[in-house]
Structures are given as structure tokens and as C-alpha cells.
Amino acid sequence: FISCKGDKGDTGPTGPAGESKDYVITVFQQDISPYPYAGATDSYVNSAYPTTSYGGATFLLTGLYYGDKRRILLRFNLDNYDLDNVIIEEAKLVLTIDKNAPPLSDYGGITLNVFALSEFWDENAVTWNNRTSGNSWTIPGGFYTMTYNNQSVYIPDTQRGEVTFNLDTDMVTDWCRNSASNNGIILIPSDEAQTGINWIRFYSSEYNLSLIHISEPTRPLYI
């Protein structure tokens, strides 16, 4: 490798100033923000008890227990907010680990994938087999799409407190512009073939600790 240096040339003209953007960050959190937000619904489903609904539970459980599978379902209703024409720069899901039930893993930790659900589900009726009362999932355990590029997150079994997932902004934009597309998301372990124990428990919306952040450029008439 040879480096050659010549005489310094004249200073070029100053370029135009870069564009400066301010952002609005909207947090949707049950009973808290925007007050009194009541659009968060969540549950989990359990292959060991395929007809049991956990919609009223104060925790959300996902992972594996000797071959049995648990998956978390969440949805944030955005219908009553002026979001039709927003340009979303960033969206994050934040969940809080249940301090009374820290992650338990034979593998040192768990990786969770986030997928958009393809079918509507009822928080008070959803089970491993059924999405609503009397209506089964196309595929048991939740029918979802892999279209969007949501972040997978590795959570070591020593972690406590909040866990943040970056959500695909195209997915959240679709929710804002077409409410019928908002079937929420499902959190699934990346390896459901594991045969030991590998699960994690989060607080549910009943604890008001699950939330979603949406960042967008400032809009003059944003409410």
C-alpha cells in the first residue's frame, strides 16, 4: 500500500445547510398515555392447554416447557388518533419482565421473534386453537405473516427490567392508515424445537407496563 500526498488545493464553497427535523414521540400505554388510553389488548396462548384463554392474566408468558409452547399476542388500537398521514420514523415495543418470575432457561437465554398476526383475535376468548369464540386459527397457535422486518431480541436469563423491540415502520404505518390490517403481533421463541425449559414472563396491560413508542416528524396540527 502506497500513500501519496500533493499540495493542498483551494477551499471549496460551503455546501447548503442540512435539513433539521424535530420529532414527536407518541407513547401508547394502557390507562396512561395518551390519557386515558384503553386500546391495549394482550394475552398468551399455551399448546399444553389449547382451549384455555389467558386474556385476563396479569402476566404474559412465552417460551418452551419440555416441548409445550407459549406465545404472546399484543395489539394497540390506533383508530381514534390522527395518524392517517404520518411518516413514521421509528416504532418500539417495550415490555417489562415480571420481577417475581425472572427468565428461566436451560440455554442461558431466549431469542424472541416478532411477527404481524394475519387474523383478528379476541383478548377474552383467544386460545391456542381459537382466535375468537367459535372461530379457529387457520394454523393453531396464531396465524401470522413474515412480511415485515421486526427485530428479533436475545434476552439472557440474567436480564431484568425492560426489553425493547424495534418494530418495522411499514407495519405500524399500515396499522395507522388501514385499521383493518391491525391484528397486532405475536412473540415467538426463535427455536421452538428445544426440549428443555426456556421461557420468559412479562407484565401484561393489566399492570399498565406494556407500551409502544411511535416517532414521527413534527406536524403542525398534531393532537
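Guide:
**The salt bridges, one by one**

The mean pLDDT of the chain (pLDDT being the predictor's confidence in each residue, from 0 to 100) is 86, and 86% of the residues reach 70 or more. Over residues 1-9, however, the pLDDT is below 50, and this stretch has 0 contacts (heavy atoms within 4.5 Å) beyond near neighbours in sequence. This is a predicted model, in which local features need pLDDT of at least 70 and side-chain atom pairs count only at pLDDT 80 or more, while totals for chains, interfaces and linings use all residues. Residues are numbered from 1 along each chain as its sequence is written, and side-chain values use heavy atoms, with hydrogens and water left out.

The structure holds 3 salt bridges, a salt bridge being a side-chain nitrogen of Lys or Arg within 4 Å of a carboxyl oxygen of Asp or Glu.

One of them joins Arg 71 to Glu 192, with 2.7 Å between the closest N and O atoms. Arg 71 belongs to strand β4 (residues 68-76), whereas Glu 192 sits in the loop between β13 (185-189) and β14 (197-203), so the pair ties together parts that are 121 residues apart in sequence. Strands here are DSSP runs (E, at least two residues), numbered from the N terminus. Both Arg 71 and Glu 192 are buried, where buried means under 20% relative accessible area, exposed means over 50%, and partly exposed lies in between (1.4 Å probe, protein chains only).

Another salt bridge brings together Arg 201 and Asp 98, whose closest N and O atoms are 2.8 Å apart. This pair, too, links distant parts of the chain, with Arg 201 in strand β14 and Asp 98 in the loop between β5 (90-96) and β6 (104-105), 103 residues apart. Asp 98 counts as buried because its relative accessible area is 3%.

There is also a salt bridge between the side chains of Glu 90 and Lys 92, at 4.0 Å from N to O. Glu 90 has a relative accessibility of 37% and therefore counts as partly exposed, and Lys 92, with a relative accessible area of 23%, is partly exposed as well.

Methods
Helix = DSSP H or I, 4+ residues; strand = E, 2+ residues; numbered from the N terminus.
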